[in-house]
There are 2 protein chains.
Amino acid sequence: MKAYKDMSKEELNSLHTELKAQFEKLKAAGISLDMSRGKPGTDQLELSTPMLDVLTSTSTFKGEDNVDFRNYGILDGTKEAKKLFAELMECPVDHVMIYGNSSLNIEYDLISRAMIHGIAGNTPWCKLDKVKFLCPVPGYDRHFAITESFGIEMINIPMDENGPDMDMVEQYVNNDPAVKGIWNVPKYTNPAGIVYSDEVVRRFANLKPAAPDFRIFWDNAYCIHHLYPDNKAQMLNIVDECEKAGNPDIYYQFCSTSKVSFPGAGVSALISSPTNIAEVKKHFTIQTIGHDKLNQIRHVRFFKDAAGVHAHMEKHAAILRPKFEAVLDTLEKELGGLEIGTWNKPLGGYFIAFDTIEGCAKRVVGLCKEAGVVMTPAGSTYPYKNDPKDTSIRIAPTLPSAEELKKACEVFVLCVKLASVEKYMNM
Amino acid sequence: MKAYKDMSKEELNSLHTELKAQFEKLKAAGISLDMSRGKPGTDQLELSTPMLDVLTSTSTFKGEDNVDFRNYGILDGTKEAKKLFAELMECPVDHVMIYGNSSLNIEYDLISRAMIHGIAGNTPWCKLDKVKFLCPVPGYDRHFAITESFGIEMINIPMDENGPDMDMVEQYVNNDPAVKGIWNVPKYTNPAGIVYSDEVVRRFANLKPAAPDFRIFWDNAYCIHHLYPDNKAQMLNIVDECEKAGNPDIYYQFCSTSKVSFPGAGVSALISSPTNIAEVKKHFTIQTIGHDKLNQIRHVRFFKDAAGVHAHMEKHAAILRPKFEAVLDTLEKELGGLEIGTWNKPLGGYFIAFDTIEGCAKRVVGLCKEAGVVMTPAGSTYPYKNDPKDTSIRIAPTLPSAEELKKACEVFVLCVKLASVEKYMNM
């Protein structure tokens, strides 16, 4: 394989003609495929469907709280659900507050509350001239959408294989009181599959924020979403590290069963210090009647304990692994040595991050669309949808079938080649 | 029966001695009862429990939207759920947005959003010096708690048997741009059981607000919660009336199945103009992944249609009617003619409102507590928990069994008598 960058004008021209012909042929085939969404496939949903048989009209509806799960009561989650999440997240039960079906909603509400009511007695953010959030990139578009919607200024923090650039994080957090938070998906990051190193986690825990109401938003969405049961990434526990560092209130950790049981009908949780939890609960009393206890109990009785959840996750992994490997194999086989793209080989999570050469991501996604393959819009992995170098593409291999995925990958690599040739031709 | 106000000092003294003795005897009996909570009883929960058998692992999980209900997707509710609520609330489907288990949460979020983002392009409320809400009294404590938590000034609006004093409402709304909203439970009000008259609804629809972002908060929580199937209160439809009046965007209507299926595991809905719904959805995209579609479908398949819901509500009524009547009978039998209290005879809803003579409500609730009967704290039915005349008590007869209710009412009437005698003795 000859790297594109080393090709002569003539070689590029001839390659372009050839790729263009292949592309037109693919377009004519009328494909319609989607590699844009971090959604489980139907076979994954089937794994959890027996959960719907667990709670029936003959079930018992009282548990450790001695409250009828069918009635009002229990604002912050049933004891049973709290215990399950505490075991899963390896933290004390008093650090857990159970929510509804969306951890995104917990995050949104925390920021909304900070805007209006402030955190821990500090000035509400809406009364400040400027509020800033740090955003490790590439990251999760819906995190960035939340902070953008509240008019919070977002600052890109580059990441390497160990996590965010901690020199930069410390520089901002420890000196600028307008910096109130940082978004993280610390394990199997969305989309790059990075696992924060021990040093990174410890440096997070040991931050000395200029703002007393600075909080680490630790969205541990994929903490148990391993692809290789024999090669599970380990990450330090943010709860323990923050307590050791004398910073017990500095973090909000989030998790959910969205990609464990049912996306849209799962259970989510906030993990934080009892002080933070108490503050949230004070507002929560006003905001809602509490969340669906029947669904909490449905989950608890189906999974039984953390071991039950982990066993269930191995079934997900068995479905997902071949899909990830199919994508990675195609990328390696078709793009290896061409030096027109780099990508990660994640051990978990839901995505593969692909980087084109500079200024090509939008074009690749556009070409894919022309050929009938929907990719996540280029730029989505950056705040304001602005990827300054236009290189970052998020591949979501979970939803399509193996067959569809193979086809979609063929289209994708062809579009990467075509866009790259175009780029070098115009240099 | 001689009215207490007509009794001589001697008569009052002798009555006091007698009542005090009865009270001490009751206290010694060690009763522990609760008439404070608007919660369904266990027999009511049993009515809906077969709903848990409706969705099982062998069910079909696709419907009119052609989306797998177990997966992500459908932000604003399944078509099936929208249709059911549209039929129930007698409005077009495009006026319906389905939420989670708490209509209180819809209300909270709307106000939270208005604070930060503003309504329909107007200045966010948090940027204004003053925001005011009108609060028909007596009303629902959790409404008042929401506006209080956001620092919104609340203004009492007296109610009579037709609803709020509309002269006063018009005076405020049509002249003061700081008045941004009014709380209503328009049908079977909490706690007084009032049904807004046609004239009142029409005057609401025809308001000419000084503030373009003024909204009527129309919490139709008890719209189908009739006690007498042959004597259902009728109320004009706020949707129709506002459209007729050329004010299609002036209202947000709320409803839920909390007291139809399961409190805490029901489905709620926002009913408003397509313009308002579109604005809410714009924010909703950022806030959440959408609500639990499996639970929506569980409800739809159990109830089938509005007729199914109404038939179900008749079963609730059959359980609740004797409880309400037991309370009303005791009040009539024990307090009739004494002129120490007035109360309503509701045709629906969850409460009986009782008014003591001035300055006695707190004392009555305190005495009840001493004797082992928990009542809703006096003052709860007013903003800031401040009932200026200290007369309003909310009786919640739904949760206790018939036996418990009988006992609790005996305690209550005795405490009313005792507090009233004390009052007259000290005049």
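**Figure 1. Contact between helices α1 and α13 of chain A in the predicted model.** From α1(A), the residues A:Leu12, A:Asn13, A:Leu15, A:His16, A:Leu19, A:Lys20, A:Gln22, A:Phe23 and A:Leu26 take part. They meet A:Val411, A:Leu414, A:Lys417, A:Leu418, A:Val421, A:Tyr424 and A:Met425 of α13(A). By class, this contact is made up of eleven nonpolar, three polar and two charged residues. Helix α1 covers residues 9-28 and helix α13 covers residues 402-425. Their axes are 10 Å apart and form an angle of about 145°. The crossing of α1(A) past α13(A) is left-handed.

**Figure 2. The two domains of chain A.** The domain assignment places residues 4-44 and 310-425 in domain 1, and residues 63-304 in domain 2. Taken over C-alpha atoms, the centres of domain 1 and domain 2 of chain A are 31 Å apart. Where they touch, domain 1 of chain A contributes 25 residues and domain 2 of chain A contributes 27 residues. On the domain 1 side, the elements giving two or more residues are α11 (306-335) and β13 (392-395) of chain A. The largest share of that side is the eight residues from α11(A). Sorted by class, the domain 1 side has 13 nonpolar, eight polar and four charged residues.

**Figure 3. The eight-stranded sheet of chain A.** The sheet is open, its pairing is mixed, and its strands follow the order β2-β9-β8-β7-β6-β3-β4-β5. Strands β2 (96-98) and β5 (163-164) of chain A are at the edges; each has a single partner strand, so one side of each has no neighbour in the sheet. In general, strands of a sheet pair through backbone hydrogen bonds, in a parallel or an antiparallel way. Helix α5 (residues 141-149) of chain A lies across β3 (132-137), β4 (153-160) and β6 (179-184) of chain A. The angle between α5(A) and β4(A) is about 155°.

**Figure 4. The three-stranded sheet of chain B.** This open sheet has the strand order β10-β11-β13, and its pairing is antiparallel. The edge strands are β10 (341-343) and β13 (392-395) of chain B; each has a single partner, so one side of each is left without a neighbour in the sheet. On average, neighbouring strands of this sheet are turned by 25° against each other, direction ignored. Three bridges link β10(B) to strand β11(B), residues 352-356, in the antiparallel sense. Here B:Trp343 is opposite B:Phe354 of β11(B). Helix α12 (residues 361-370) of chain B lies across β11 and β13 of chain B, at about 40° to β13(B).

**Figure 5. The contact between chain B and chain A.** In this interface, 43 residues of chain B touch 43 residues of chain A. On the chain B side, α2 (42-48), α4 (103-116), α5 (141-149), α9 (274-287) and α10 (293-303) each supply at least two residues. Helix α4(B) gives the most, with six residues. By class, the chain B side has 20 nonpolar, 17 polar and six charged residues.

**Figure 6. How chain B is placed relative to chain A.** Chain B is superposed on chain A by a rotation of 180° with 0.0 Å of shift along its axis, at an RMSD of 0.0 Å. This is the relation of a two-fold axis. Both copies use the same surface, since 100% of the contact residues of chain B recur in chain A.

Technical notes. Residues are numbered from 1 along each chain as its sequence is written. Chains are lettered from A and ligands numbered from 1 in the order in which they are written. This is a predicted model: local features need pLDDT of at least 70, side-chain atom pairs count only at pLDDT 80 or more; totals for chains, interfaces and linings use all residues. Two strands pair if DSSP finds at least two bridges between them. Helices (H or I, at least four residues) and strands (E, at least two) are DSSP runs, numbered from the N terminus. Two residues are in contact if their C-beta atoms, placed from the backbone, lie within 7 Å. Axes are lines fitted to C-alpha atoms, for helices over the stretch in contact, and angles run from 0 to 180 degrees between N-to-C directions. Ala, Val, Leu, Ile, Met, Phe, Trp, Tyr, Cys and Pro count as nonpolar, Asp, Glu, Lys and Arg as charged, and the others, Gly among them, as polar. Copies are superposed by least squares on the C-alpha atoms of residues with pLDDT of at least 70 in both. Domain bounds come from an automatic or database domain assignment. A crossing is left-handed if the near helix is turned anticlockwise from the far one by less than a right angle, and right-handed if clockwise.
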